[in-house]
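This briefing sets out selected features of the structure shown below.

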There are 2 protein chains.
Amino acid sequence: MNGSPARDERAQRHMDGIVDTPHRDGGRATPPGAAPARPKRGASMADVARLAGVSAQTVSRVSNGYPGVTETTRQQVLAAMRKLGYRPNSAARALKRGEFRTIGVILFTLSTTGNVRTLEAIAASAAREGYAVTLLPVAVPTQDEVRGAFTRLGELAVDAVIVIMEVHLLDAATVSLPPSTQVVVADSDAGDRYSVVDTDQAGGTRAAVRHLLDLGHRTVWHLAGPEESFAAQRRADAWRATLEEAGREVPEAVRGDWSAESGYRAGLRIAEEPGCTAVFAANDQMALGLLRALHEKGRAVPDDVSVIGFDDIPEAGSFMPPLTTVHQDFAEVGRLCVQGVLRQIRGESAERGTTLVPTRLVVRRSTAPPPTG
Amino acid sequence: MNGSPARDERAQRHMDGIVDTPHRDGGRATPPGAAPARPKRGASMADVARLAGVSAQTVSRVSNGYPGVTETTRQQVLAAMRKLGYRPNSAARALKRGEFRTIGVILFTLSTTGNVRTLEAIAASAAREGYAVTLLPVAVPTQDEVRGAFTRLGELAVDAVIVIMEVHLLDAATVSLPPSTQVVVADSDAGDRYSVVDTDQAGGTRAAVRHLLDLGHRTVWHLAGPEESFAAQRRADAWRATLEEAGREVPEAVRGDWSAESGYRAGLRIAEEPGCTAVFAANDQMALGLLRALHEKGRAVPDDVSVIGFDDIPEAGSFMPPLTTVHQDFAEVGRLCVQGVLRQIRGESAERGTTLVPTRLVVRRSTAPPPTG
DNA sequence: GACAGGAATGTTTGCGTAAACATCCCCCGT
DNA sequence: ACGGGGGATGTTTACGCAAACATTCCTGTC
């Protein structure tokens, strides 16, 4: 915030170096005795134009592939560009056009599979559309932090924002969003105020629970994710609803924090429950810890206890035993997020609403009928 | 899909609510008969200046925290800013300043732990320094693809680039980097042309292999990463060197592709080797697959075979058994990358060279002395 | 051969910001 | 009371690009 004088001076000196001689005819020649300071700024359209013997506008036309330029001229300009190593200044371009061709992504952490995979898909989709992706991690998921991040985002060169987090954290924060910024939210509640793209948590959960019931289990226990997580909440709700629909007893959910370690701790408790023959873990990492706990306690999977996960992380097939789980199509979520913001940017549609991406049950070897008896 | 006017209107109303009325009366008057197009651009310094009754320059001074503004004036300006929902236009700012305060990160994939964790640390460090991070994923690791990515980067609003990949893929590509762009490379060869920051692969490997030898194993097998990977190469080399130094026999390395699945397949082969009592896996995921293969083949870990990994992913402690592994300090790697580019940007140092981040051996329960006999 | 029509190219302008320079005004010392 | 110093504020300008408008020049037509 406060400008350190030393830094300003340095910047100043630097600027002096780069702005080189205002006289036109002099061109960009380095003064004879001067140090060979590297030019900070590259060649501009004007430089190219001068070398190619055309006007700046013609260079612009070539640069943007506009028609109305003779092939001969075009080649001259291209040659000049190459020679000078010209590349368009995106700041100037953005200033002129009023858009940055950049999408901001705001999220808490890259330590959950879902966020990372979604981000990856977003980046890929955006690149395909000619958009760059700017990352905006928020250290701590408090409203204050989020607000700060949004404020920074506001100053950032971004046309739209994709938010990977719970909507309620946005609420107070939103005030600081630039007026024309479009927002799409992943991993959150149905928003009437934003577009939301999310995995079909309920559907996936239902499939998982039904799979276990269909195998003959009396009921299904739940190793839930952290309370603050919307996804965890949704999965827990759907689990309960599915059991109730089927008229089954609903055991108390055991809570973890998504980590394998928490799954292990929870697993030690679950292993003590004699009546428990099937567990639905809210993600694969916790399922991993659960498997270890059951193993240590001598409860065989799937013979004594069936375990099912959620996410289908790449390693799930290598668990012991290979994990039956609910596959999330993160790539699709990311793709839809990008598609959503782009549509909004282009003014094609401002429709709010929730888009659900279906899941797929992947049956491996951690689930089986309950032990007879 | 198709833009419904009604929807657009709702969006408009909503946005107004957020930013408390952007200026309307100003120069940007909507043509009488025209559709009520939402103001694409927000308030500018001039708008704020007008409302606050000061000059644009004073607004600029307040905006940048420069001295020479009376507290009274400052408050007036701040009030005007709030009222108009003003936020600096980063494009104009960048154009004027000649810098974007943004760092580009170019990488292949977010599916390896290392890349993700490094990226996370980079983003965090950059944010702390007031820099944003722009992501530039490259779909396929070919020189052409990389070159394309760099070309796009060249047009991108970026002051510096951090490359997370092998240097040789950069070689042909670099030509298209803007002249003044600074580059730091993570996860690669010692570069005399770039600054390199990397985990001390050799040191970590040596620690792992020595740990096993010290436990009494005659020799150590190696489950290597893919040939193209520099890190995999480095670990394999160090593994061989350590064994040779100790005068031990060097078994042929078994190659995987980093995935747990490939570790499993390799593990099935390794399990058949009667003389094998210790395996050094080049990463934790492959170690996971290896554990499963050994388990299936009835080879107990660590009683029959010791297994050690590399990375120390969060789940490593929840493997069966908990995995002894080499901890990589990705956070530090990311931090040093950012520090490196910023130093270069600021002209404090143009030194090229390799910075190695030390590793730490985390001993859990997958390693033990070899079976007696 | 004069002229309309249109394609190729040039000139002007302004996007929002901040450096550089120009004023203004208040307070101080003599 | 007057001149000067310095802080507060205003004015001008340029950053690089591209839309809008202006100009040039060539072609074909009668």
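Predicted model: local features only at pLDDT ≥ 70, side-chain atom pairs only at ≥ 80, totals over all residues.

A residue is taken to be near a strand if its C-beta atom, placed from the backbone, lies within 6 Å of that strand. By that criterion, 27 residues surround DNA strand D.

**Surface near DNA strand D**

- The residues closest to DNA strand D are Met45(A), Asn89(A) and Ala92(A), together with Ser55(B) and Gln57(B).
- At least two residues of this surface come from each of H3 and H5 of chain A and H3 and H5 of chain B.
- The surface near DNA strand D consists of 10 nonpolar, 12 polar and 5 charged residues.

**Surface near DNA strand C**

- DNA strand C is surrounded by 29 residues, and the closest are Ser55(A), Gln57(A), Met45(B), Asn89(B) and Ala92(B).
- In chain A, helix H3 (56-64) and helix H5 (90-97) each supply at least two residues of the surface near DNA strand C.
- In chain B, helix H2 (45-52), helix H3 (56-63) and helix H5 (90-97) each supply at least two residues of that surface.
- H5(B) provides the largest share of the surface near DNA strand C, with 5 residues.
- The class division of the surface near DNA strand C is 11 nonpolar, 13 polar and 5 charged residues.

**Packing of H2 and H3 in chain A**

- The axes of helix H2 (residues 45-52) of chain A and H3(A) cross at roughly 105° and come within 8 Å.
- Angles of 65 to 115 degrees count as roughly perpendicular, so H2(A) is roughly perpendicular to H3(A).
- H2(A) contributes Met45(A), Ala46(A), Val48(A), Ala49(A) and Ala52(A) to the contact, while H3(A) contributes Ala56(A), Thr58(A), Val59(A) and Ser60(A).
- The contact of H2(A) with H3(A) comprises 7 nonpolar and 2 polar residues, with no charged residues.

**Packing of H3 and H4 in chain B**

- H3(B) packs with helix H4 (residues 71-84) of chain B at an angle of about 90°, and their axes are 10 Å apart.
- H3(B) and H4(B) are therefore roughly perpendicular to each other.
- On the H3(B) side, Thr58(B), Val59(B) and Val62(B) meet Thr73(B), Arg74(B), Val77(B) and Leu78(B) of H4(B).
- The contact of H3(B) with H4(B) has 4 nonpolar, 2 polar and 1 charged residues.

**Sheet in chain A**

- Chain A contains an open sheet of 6 strands with mixed pairing, in the order E7-E6-E8-E9-E10-E12.
- Strand E7 (254-255) and strand E12 (360-362) of chain A are at the edges and have a single partner strand each, so one side of each is left without a neighbour in the sheet.
- Strand E10 (residues 324-327) of chain A runs antiparallel to E12(A) and is joined to it by 3 bridges.
- Val326(A) has Leu361(A) of E12(A) as its bridge partner.
- Helix H10 (residues 230-245) of chain A packs on the sheet and touches strand E6 (221-224), strand E8 (278-281) and strand E9 (306-311) of chain A.
- The direction of H10 makes about 175° with that of E6(A).

**Cis peptide bonds**

- In chain A, the peptide bond between Met320(A) and Pro321(A) is cis, with omega about -5°, and Pro321(A) is in the loop between E9 and E10 of chain A.
- In chain B, a cis peptide bond with omega near -5° leads from Met320(B) to Pro321(B).
- Pro321(B) is in the loop between strand E9 (306-311) and strand E10 (324-327) of chain B.

**Buried residues of chain B**

- Leu291(B), in helix H12 (residues 284-296) of chain B, counts as buried because it has 29 C-beta neighbours inside 10 Å.
- Beyond its neighbours within four places in sequence, Leu291(B) is in contact with Val301(B), Val307(B), Phe319(B) and Met320(B).
- Arg101(B), in the loop between H5 and strand E1 (102-107) of chain B, has a positive phi near 55° without being a glycine.
- Arg101(B) is buried because 20 other C-beta atoms lie within 10 Å.
- Trp258(B), in the loop between strand E7 (254-255) and helix H11 (260-271) of chain B, also is not a glycine and has a positive phi of about 85°.
- Trp258(B) is buried, with 24 other C-beta atoms within 10 Å.

Definitions and conventions. Residues numbered from 1 in each chain as written. Chains lettered and ligands numbered in written order. Helix = DSSP H or I, 4+ residues; strand = E, 2+ residues; numbered from the N terminus. Nonpolar A, V, L, I, M, F, W, Y, C, P; charged D, E, K, R; others polar. Pairing = 2+ DSSP bridges. Contact = placed C-beta atoms within 7 Å. Axes fitted to C-alpha atoms, helices over the stretch in contact; angles between N-to-C directions. Buried ≥ 20, exposed ≤ 12 C-beta atoms within 10 Å, placed from the backbone. Parallel < 35°, antiparallel > 145°, perpendicular 65-115°, else oblique.
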